[in-house]
Amino acid sequence: MSQAQNRFIADHVIGLPRSGIRDFFELVAAMKDVISLGIGEPDFTTPWHIREAAIYALEKGRTHYTSNLGLIELRREISAYVGRNFGLEYNPNNEVLVTVGVSEAMDIALRAVLNPGDKVLYQDPCFVSYHPTVLLAHGVGVAIKTDAESAFTLKAEEVKKSWEPGCKVLLINLPCNPTGGVAERKELEEIAKFAVEKDMLVISDEIYAEMTYEGEHVSIGIFPGMRERTIFLHGFSKGWAMTGWRLGYACAPAYLTEAMMKVHQYSMMCASIVAQDAGIEALRNGDEAVKTMRQAYQRRRDLVVRRFNEIGLTCHKPNATFYAFPNITSTGLDSTTFSKRLLEEERVAMVPGTAFGKYGEGFVRCSFATGYDQIVEACNRIERFVNNLK
Amino acid sequence: MNEVFKLLAEGERLNESQMAEILGLSVEEVEAQLAVLKEKELLLGWIPVLNPEKDDSLAVRAAIEVKISPERDGGFNRLAQRISRFDEVESCYLMSGGYDLLVVVKGSSLHKVASFVSERLSTIEGVLSTATHFMLRAYKEQGYLIEQPAEDKARLDVTP
């Protein structure tokens with residue numbers, strides 16, 4: 001874009017980096033016969049009973065705006081679900097806000113709490129939109145390193161090391177896209193203590209919680225002093241295979257919910273009513289489908305992790321999510337070169353780790369939300385690629 | 001239950017070497033687990049699921065409600081087992097409600113199914129009555145949807 005055109009674009013938008021995923025997507029889209037392990041969404045279609053509920057809602061003529069906060073029936077279901085599965089208590093009347101996906105929830109949460117220049121601690125590597133969303137809210141991102149040595153779990157020590165004066169918010173995604181990393185209970189407890197000590201607000205994105213294979217999923221909000229300073233974010237995209245519906249929610253004490261609601265009501269008004277009706281069905285009757293999908297992911301995880309290690313790409317076994325994050329440094333290539341050459345030479349797409357932050361160098365993200373036959377073939381191709389490099 | 005069984009229960013169409021690859025077992029180990037499933041009669045066997053709308057050998061199928069008289073020893077078992085042995089009988093279940101056995105019969109023509117019912121089934125001593133319902137069209141067979149628009153599962157090639 002020329003300087004003359006840029007005169008209309010806001011400075012902080014000009015400064016935003018292009019998503020590394022987008023570049024990579026364009027490369028892949030131009031090719032044929034690619035097996036993609038680069039897709040950050042379930043391969044399952046939304047369970048039929050949920051889709052059917054949405055069709056029924058349309059038949060009944062449910063096509064209008066809902067309350068800014070979202071349908072009260074849905075908020076009640078969310079409140080019950082979050083209480084039951086996360087041990088967090090929120091009042092459906094004023095502590096639950098239904099959003100257009102967790103992405104919107106993240107955006108309005110940050111916009112509601114940040115003053116220009118406020119600092120946000122966030123784990124790295126992390127979901128691609130975290131840092132840009134902070135920048136769009138005129139905040140300043142401060143990365144917390146997670147690494148392969150500790151299976152990309154979030155360590156209290158690293159949080160403390162990264163903290164600097166002016167850090168107002170701690171933004172975490174556990175389990176984590178792209179690394180599959182989680183945090184052990186004692187680490188999380190320590191991080192919670194630190195958040196209280198430094199008087200930080202914690203925004204906790206737990207979208208992959210349902211895809212926890214081993215051990216328990218622990219929410220940071222359960223620890224002493226955390227309820228008042230935690231915004232819990234969750235949604236339907238991953239657990240219920242509902243990415244395209246764009247349905248998420250934020251739960252937080254009333255004063256925080258009210259602040260987020262202000263931003264939400266003037267920008268989004270409300271989430272789609274059809275999606276909200278589908279969400280009610282998902283929470284009422286979706287547990288079995290979620291479990292079935294989780295079991296399928298778990299088996300695929302075991303397969304890809306075993307194959308990566310056989311191939312010589314060291315890979316920790318992620319406790320959660322449908323992502324493996326193998327180390328590719330043994331090939332002598334950097335992440336971007338590895339991904340590009342693998343794509344060109346063997347037609348397998350995996351997103352370079354650097355798309356998810358500077359600490360992603362040396363890794364690639366492998367999404368195993370795809371069929372067995374595709375995974376088996378992709379691993380064979382990767383093996384051939386790696387062997388040819390030797 | 002063993003790992004092979006769990007994998008089969010997911011409904012994927014996999015051969016033994018694919019199952020071995022997925023489960024991280026040798027083909028021999030997969031075979032051994034399959035053998036156990038067969039030995040326990042948990043896995044009865046393999047049959048292809050054919051589309052009744054296209055498979056001529058299934059030109060006619062009927063669900064037959066059969067009333068039979070129970071016997072002093074064994075109740076309905078002897079008669080049900082006897083009926084089940086006919087090749088024409090695809091499945092046979094003891095039911096609660098207004099009749100005793102639900103017998104699904106297949107044949108290449110209406111005539112063949114009709115004569116099976118009138119000449120073989122009805123004439124068995126102990127069979128009190130039959131009511132034959134011919135199937136007109138299949139919409140779902142053994143879990144497979146039939147002639148419904150395919151789901152558009154197109155995902156973008158790469159997403160965050």
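Chain A is divided by the domain assignment into domain 1 (3-46 + 288-389) and domain 2 (48-285); such bounds come from an automatic or database domain assignment. This is a predicted model, in which local features need pLDDT of at least 70 and side-chain atom pairs count only at pLDDT 80 or more, while totals for chains, interfaces and linings use all residues. Residues are numbered from 1 along each chain as its sequence is written, and chains are lettered from A and ligands numbered from 1 in the order in which they are written.

The centres of the two domains of chain A, taken over C-alpha atoms, are separated by 24 Å. Where they meet, 34 residues of domain 1 of chain A are in contact with 38 residues of domain 2 of chain A. Two residues are in contact if their C-beta atoms, placed from the backbone, lie within 7 Å. On the domain 1 side, α12 and β9 (323-324) of chain A each supply at least two residues, and α12(A) gives the most, with six residues. Helices (H or I, at least four residues) and strands (E, at least two) are DSSP runs, numbered from the N terminus. By class, this side of domain 1 of chain A has 16 nonpolar, 13 polar and five charged residues. Here Ala, Val, Leu, Ile, Met, Phe, Trp, Tyr, Cys and Pro count as nonpolar, Asp, Glu, Lys and Arg as charged, and the others, Gly among them, as polar.

Strand β9(A) also belongs to a sheet. Three strands of chain A form an open, antiparallel sheet in the order β9-β12-β11; two strands pair if DSSP finds at least two bridges between them. β9 and β11 (351-352) of chain A are at the edges with a single partner strand each, so one side of each has no neighbour in the sheet. Two bridges join β9(A) to β12 (residues 364-367) of chain A, and A:Tyr323 stands opposite A:Ser367 in β12(A).

A parallel pairing is found elsewhere in chain A: β5 (residues 167-173) and β6 (residues 201-205) are joined by five bridges. In that pairing, A:Asn173 has A:Asp205 of β6(A) as its bridge partner. Five of the five residues of β6(A) are buried, so this strand is largely enclosed by the rest of the structure. A residue is buried if 20 or more other C-beta atoms lie within 10 Å of its own, exposed if 12 or fewer, and partly exposed in between, with C-beta atoms placed from the backbone. A:Leu201, A:Ile203 and A:Asp205 point one way from β6(A), whereas A:Val202 and A:Ser204 point the other way.

In soluble globular proteins, nonpolar side chains tend to be buried together. A nonpolar core is a set of buried Ala, Val, Leu, Ile, Met, Phe, Trp, Tyr and Cys residues joined through C-beta atoms within 7 Å. The largest one here has 135 residues, of which A:Ala109 and A:Ala250 touch the most other members. Leaving out residues up to four places away in sequence, A:Ala250 touches A:Leu97, A:Thr99, A:Ala105, A:Ala109, A:Ile231, A:Leu233 and A:Met260. Apart from this core lies another, of 13 residues, including B:Ala62, B:Ile68, B:Leu79 and B:Phe116.

A:Ala254, in helix α10 (residues 254-267) of chain A, is partly exposed, with 13 other C-beta atoms within 10 Å. Not counting residues up to four places away in sequence, A:Ala254 touches A:Asn94 and A:Glu95.

Next comes the meeting of the two chains. Here 24 residues of chain A are in contact with 15 residues of chain B. On the chain A side, α3 (20-29), α12 (287-311) and α14 (372-389) each supply at least two residues. The residues on this side divide into 15 nonpolar, five polar and four charged.

Chain B has its own open sheet, with four strands in the order β2-β3-β1-β4 and antiparallel pairing. Its edge strands are β2 (89-94) and β4 (127-134) of chain B. β2(B) pairs with β3 (residues 101-107) of chain B over five bridges, and B:Cys92 stands opposite B:Val103 in β3(B). Helix α5 (residues 110-121) of chain B packs on the sheet, touching β1, β3 and β4 of chain B. Helix α4 (residues 77-84) of chain B lies across β1 (60-68), β2 and β3 of chain B, at about 165° to β2(B). Axes are lines fitted to C-alpha atoms, for helices over the stretch in contact, and angles run from 0 to 180 degrees between N-to-C directions.
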